[in-house]
Amino acid sequence: MNNTLFRAIVGVFVFGFVSLSASGQTQTQTQTVSLQAELLKDWIALKESMHKIASEMPAEKYSFKPTDGQESFGERTVHVAGANVYFLSLLGGSAPKPTIDPKATGKDAALKALDDSFDYGAAILKQQTDETLMQSVASPPKFMGPSSRARIISFLVGHTWDIYGQMAVYLRLNGRVPPASQKM
């Protein structure tokens, strides 16, 4: 095949590929995206991940601490619940705020607190719109400075994944495999 013919064939192929890619991008770009819907979807998935990891630890190991200076597995679980409720309450809304007892660190109580906090978050997120999520929170924590409602949610997601990582270590130190690492 001569060089000119080869370049022509490659040119047609590349043009066709680029045209198809561009049309696919146009379709993707014209789809409506909702910040509120995306945050809610991720929040619900995070609840499932946290419930699974918290459920994996046997009840008798909820008092386990890797070292004396660290919180127990149950305390870490309830810490997530308490942080969720505190930060979510900054967003306003009419959803009833659950009461989290930071001393109730047994498995059943900790799982209930965790689930209640995520259900509260889902209710708060359902009351938001893309516009309200971009509004400033009246009294954000000083360490965060001025913050939108979306930033508060983003902070909570990051905080929760941080604790998830700690909980995975606690499980492994007790001979357990975190749910996300289990073979299906």
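**Terms and their criteria**

Mentor: At 44% relative accessibility, Lys52 counts as partly exposed.

Trainee: What makes Lys52 partly exposed?

Mentor: Buried means under 20% relative accessible area, exposed over 50%, and partly exposed in between (1.4 Å probe, protein chains only). Lys52, at 44%, therefore counts as partly exposed. The model is a predicted one, in which local features need pLDDT of at least 70, side-chain atom pairs count only at pLDDT 80 or more, and totals for chains, interfaces and linings use all residues. Residues are numbered from 1 along each chain as its sequence is written, and side-chain values use heavy atoms, with hydrogens and water left out.

Trainee: With which residue does Lys52 form a salt bridge, and how do you know that the term applies?

Mentor: The partner is Glu48, and the closest N and O atoms are 3.1 Å apart. A salt bridge requires a side-chain nitrogen of Lys or Arg within 4 Å of a carboxyl oxygen of Asp or Glu, so the term applies. Glu48 and Lys52 are 4 residues apart in helix H2, and so are separated by about one helical turn. Helices here are DSSP runs (H or I, at least four residues), numbered from the N terminus.

Trainee: Is Arg76 buried or exposed, and which residue does Arg76 meet in a salt bridge?

Mentor: Arg76 has a relative accessible area of 12%, and is therefore buried. The side chain of Arg76 meets that of Glu71 at 2.7 Å, N to O. Glu71 has 32% relative accessibility, so Glu71 counts as partly exposed.

Trainee: Why is H2 called roughly antiparallel to H3?

Mentor: The axes of H2 (residues 35–56) and H3 (residues 73–89) come within 11 Å and cross at roughly 160°. That makes H2 roughly antiparallel to H3, because angles over 145 degrees count as roughly antiparallel and those under 35 as roughly parallel. The angles run from 0 to 180 degrees between N-to-C directions, and the axes are lines fitted to C-alpha atoms, for helices over the stretch in contact.

Trainee: How are H2 and H6 oriented to each other, and how do you know that?

Mentor: The axes of H2 and H6 (residues 149–173) come within 11 Å and cross at roughly 20°. H2 and H6 are therefore roughly parallel to each other.

Methods: Helix = DSSP H or I, 4+ residues; strand = E, 2+ residues; numbered from the N terminus. Parallel < 35°, antiparallel > 145°, perpendicular 65-115°, else oblique.
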